[in-house]
Amino acid sequence: VLKKKLAKTLHVMADQIALANGSNVIIQALVNATNIRNKGRVLVLDPSFPVYALQAELFGCQVIRVPLGENFLLAHEAVIAAIKKENPTLIFIANPNAPTGNLFAKESLYKIVKTAQCLTVIDEAYYPYSNETLIDWLGEFQHLLILRTFSKAFALAGVRLGYAIA
């Protein structure tokens with residue numbers, strides 16, 4: 001029932017949504033799934049939500065850290081260069097970013113997602129505060145996954161309910 005209601009609200013099909021015991025569980029599952037034969041290479045922004053790198057390290061993945069630019073802006077050229085050089089198996093980008101709170105330019109994110117050849121996760125945990133989403137891009141990019149949670153704006157941290165849209 002929840003998936004159907006979410007799907008209607010998000011204007012996607014219910015089978016595009018996966019529910020989990022918090023978004024951390026989804027992050028862990030994605031890292032584990034992309035770490036085929038211990039060759040996982042997870043690209044993260046620095047600074048960003050530390051669970052991405054933590055989970056990657058726990059599963060033995062190589063963590064590729066791309067520093068944010070001045071004023072914590074997204075240095076999309078550096079991210080694209082790292083994608084081309086390092087060939088990651090998974091990319092995590094929080095938008096708005098945690099802990100900096102920056103909302104990244106859609107043009108920059110588009111260039112990154114278009115360049116990526118791997119599963120690219122845009123973590124929209126703080127979407128309710130920004131009202132900026134990339135859900136409309138799901139039809140264009142099959143390797144894009146949007147991650148959300150009910151624990152932030154809905155004050156339901158104790159419920160442990162996160163979801164992925166792909």
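I started with Asn71, which sits in the loop between β3 and α4. This is a predicted model, so I keep that in mind for everything below. Asn71 has a positive phi of about 60 degrees, though it is not a glycine. I noted that for a reason: most residues other than glycine have a negative phi. Is Asn71 buried or exposed? Its relative accessibility is 59%, so I put it down as exposed.

Next I looked up His11, in the loop between α1 and β1. His11 is another non-glycine residue with a positive phi, near 60 degrees. Its relative accessible area is 72%, so His11 goes in my exposed column.

I also checked what comes after α3 and found Gly60, with a positive phi near 80 degrees.

**Cis peptide bonds**

I went through the loop between β4 and α5, where Pro96 lies. The bond joining Asn95 and Pro96 is cis, with omega about 0 degrees. Pro99 is in the loop between β4 and α5 too. The peptide bond from Ala98 to Pro99 is also cis, and I read its omega as near 20 degrees. My reminder to myself is that most peptide bonds are trans.

**The sheet**

In what order do the strands of the open sheet run? I wrote down β1-β7-β6-β5-β4-β2-β3, seven strands with mixed pairing. The edges are β1 (17-20) and β3 (62-67); each has a single partner strand, so one side of each has no neighbour in the sheet. On average, and ignoring direction, neighbouring strands here are turned by 20 degrees against each other.

I then followed helix α1 (residues 2-10), which packs on this sheet and touches β1, β6 (144-149) and β7 (162-165). The direction of α1 makes about 130 degrees with that of β1.

Arg41 stands opposite Gln62 in β3.

**Helices**

Which residues of α3 (residues 50-58) are buried? I listed Val51, Tyr52, Ala53, Gln55 and Ala56. Their cover includes α2 (23-34), β2, β3, β4 (90-94) and β5 (119-123).

For α4 (residues 76-86) and α5 (residues 106-115), I found axes that come within 9 Å and cross at roughly 5 degrees. That makes α4 roughly parallel to α5. On the α4 side of the contact I have His76, Val79, Ile80, Ile83 and Lys84; on the α5 side, Ser108, Lys111, Ile112 and Thr115. Sorted by class, this contact has four nonpolar, three polar and two charged residues.

**Cysteines**

How many disulfides does the structure hold? I got zero. Cys61 is in none, and the nearest cysteine sulfur, that of Cys118, is 12 Å away. That is too far for a bond. Cys61 counts as buried because its relative accessibility is 8%. Cys118 is buried as well, at 8% relative accessibility.

**His143**

Last stop: His143, in the loop between α6 (127-130) and β6. Lys114 is 29 residues away along the chain, but I found the two C-alpha atoms separated by 9.5 Å. Setting aside neighbours within four places in sequence, I have His143 in contact with Val113, Ala116, Cys118, Leu119 and Thr120.

Conventions
Residues are numbered from 1 along each chain as its sequence is written. This is a predicted model: local features need pLDDT of at least 70, side-chain atom pairs count only at pLDDT 80 or more; totals for chains, interfaces and linings use all residues. Side-chain values use heavy atoms; hydrogens and water are left out. Axes are lines fitted to C-alpha atoms, for helices over the stretch in contact, and angles run from 0 to 180 degrees between N-to-C directions. Helices (H or I, at least four residues) and strands (E, at least two) are DSSP runs, numbered from the N terminus. Angles under 35 degrees count as roughly parallel, over 145 as roughly antiparallel, 65 to 115 as roughly perpendicular and the rest as oblique. Contact means heavy atoms within 4.5 Å. Ala, Val, Leu, Ile, Met, Phe, Trp, Tyr, Cys and Pro count as nonpolar, Asp, Glu, Lys and Arg as charged, and the others, Gly among them, as polar. A disulfide is a pair of cysteine sulfur atoms within 2.5 Å. Buried means under 20% relative accessible area, exposed over 50%, partly exposed in between (1.4 Å probe, protein chains only). Two strands pair if DSSP finds at least two bridges between them.
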